[in-house]
Amino acid sequence: MPQSDTSAPAGSIADRSAPSLEVRSVTAGYGAHTVLRDVSLVAESTEVISLLGHNGAGKSTLLRAIAGVIEVMEGDIRFNGTSQLGRGSAHVAKDGIALVPQGRGVFPTLSIGENLRLGAGVARGVRDRTKVTLDFVLDLFPALAHRLHEDAGTLSGGQQQMVAIGTALMACPRFLLLDEPSTGLAPVLVQTMLDQIRSVHRELGIGVVIVEQNIHEALRISDRAYVLRLGEIVRDGPAATLLDDPDIWGLF
Ligand SMILES: Nc1ncnc2c1ncn2[C@@H]1O[C@H](COP(=O)(O)OP(=O)(O)OP(=O)(O)O)[C@@H](O)[C@H]1O
Ligand SMILES: [Mg+2]
């Protein structure tokens, strides 16, 4: 199981401050349809966190609430101690929280390079880091490196997912929210993709919250996990503990 493998040392000042990302007793949904009930979650930039649960449990809804795509009905969402409520998704993205939505979301008629450059336009103060970040993305996903001028729509599903993650990284986020990044990938590619996500966390020091259907594989690359059921958190803990708990599979 991964140990903390980013630069912040245990016991540092960062450890004693408020959690970097904090979801406090959040109720949220769509119009009159309440999906999330009293959901709380904390995430640090030193962690990879899995968000697990059956279809319709509210996983995507929770990521959308954190990213400011939907409004919170009750509760609070804080980033570095500051409430994000009412700021809207564009501001939340500028503040350093990047959402890669379910179903990829690349622009198919733009080239791979154009997609990636769009990401660099999102956040504040990243222009001087654009070249370094692009080099990192192309090192991480070498399949993209020789095809920068090709339309993203010509890529395989897995490669489009790489473009979507790469585009999010170009904004130099502090947290990456990934909604089922391995959807549609062959099992052998699922492992590779999740290992690449762990590398992103390790190399860039970005906190990751990942929604996955591949529970075992997700726990393998995570430090902690939360399980959602019918819009409520029914279990959380270290990924190693959940992996060893036979009762966990009854929650899905
Ligand atoms: N845009 C929407 N408008 C109205 N209801 C929605 C919308 N998106 C999702 N829902 C409803 O919210 C509930 C939770 O959906 P959500 O997509 O968050 O679940 P999920 O855990 O991500 O599921 P899956 O594993 O299938 O992606 C479901 O009942 C769903 O029908
Ligand atoms: Mg979903």
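How many residues surround ligand 1, and which are the closest? I counted 15 around ligand 1 in this predicted model. The closest are Gly 56, Lys 59, Ser 60, Thr 61 and Gln 102.

**Shell make-up.** I sorted the shell residues by type. They divide into 3 nonpolar, 9 polar and 3 charged.

**Polar contacts of ligand 1.** I went through oxygen atoms of the ligand. One is 2.9 Å from a polar backbone atom of Gly 58. A polar side-chain atom of Ser 60 lies 2.8 Å from an oxygen of ligand 1. For Gln 213, I found a side-chain N or O atom 3.1 Å from a ligand oxygen. I then checked burial of the ligand: alone it exposes 620 Å², and the protein buries 62% of that. β2 (33–43) and α2 (59–66) are the elements that give two or more residues to the shell.

**Magnesium ion.** Which residues coordinate ligand 2? I found Ser 60, through OG, and Gln 102, through OE1, at 2.0 to 2.4 Å. Ser 60 sits in helix α2, while Gln 102 is in the loop between β6 (97–100) and α4 (112–120), so the pair ties together parts 42 residues apart in sequence.

**Accessibility of the pair.** Are Ser 60 and Gln 102 buried or partly exposed? Ser 60 has a relative accessible area of 13%, so I log Ser 60 as buried, the cut-off being under 20%. Gln 102 stands at 42% and counts as partly exposed.

How values were computed. Residues numbered from 1 in each chain as written. Chains lettered and ligands numbered in written order. Predicted model: local features only at pLDDT ≥ 70, side-chain atom pairs only at ≥ 80, totals over all residues. Heavy atoms only, no water. Near = heavy atom within 4 Å. Polar contact = N/O pair within 3.5 Å; in protein donor to acceptor, adjacent residues only side chain to side chain. Areas by Shrake-Rupley, 256 points an atom, 1.4 Å probe, with all protein chains shown as cover. Helix = DSSP H or I, 4+ residues; strand = E, 2+ residues; numbered from the N terminus. Nonpolar A, V, L, I, M, F, W, Y, C, P; charged D, E, K, R; others polar. Donors = N, O, S within 2.8 Å, 3.2 Å for Na, K, Ca; no water. Buried < 20%, exposed > 50% of the residue type's maximum accessible area, 1.4 Å probe, protein only.
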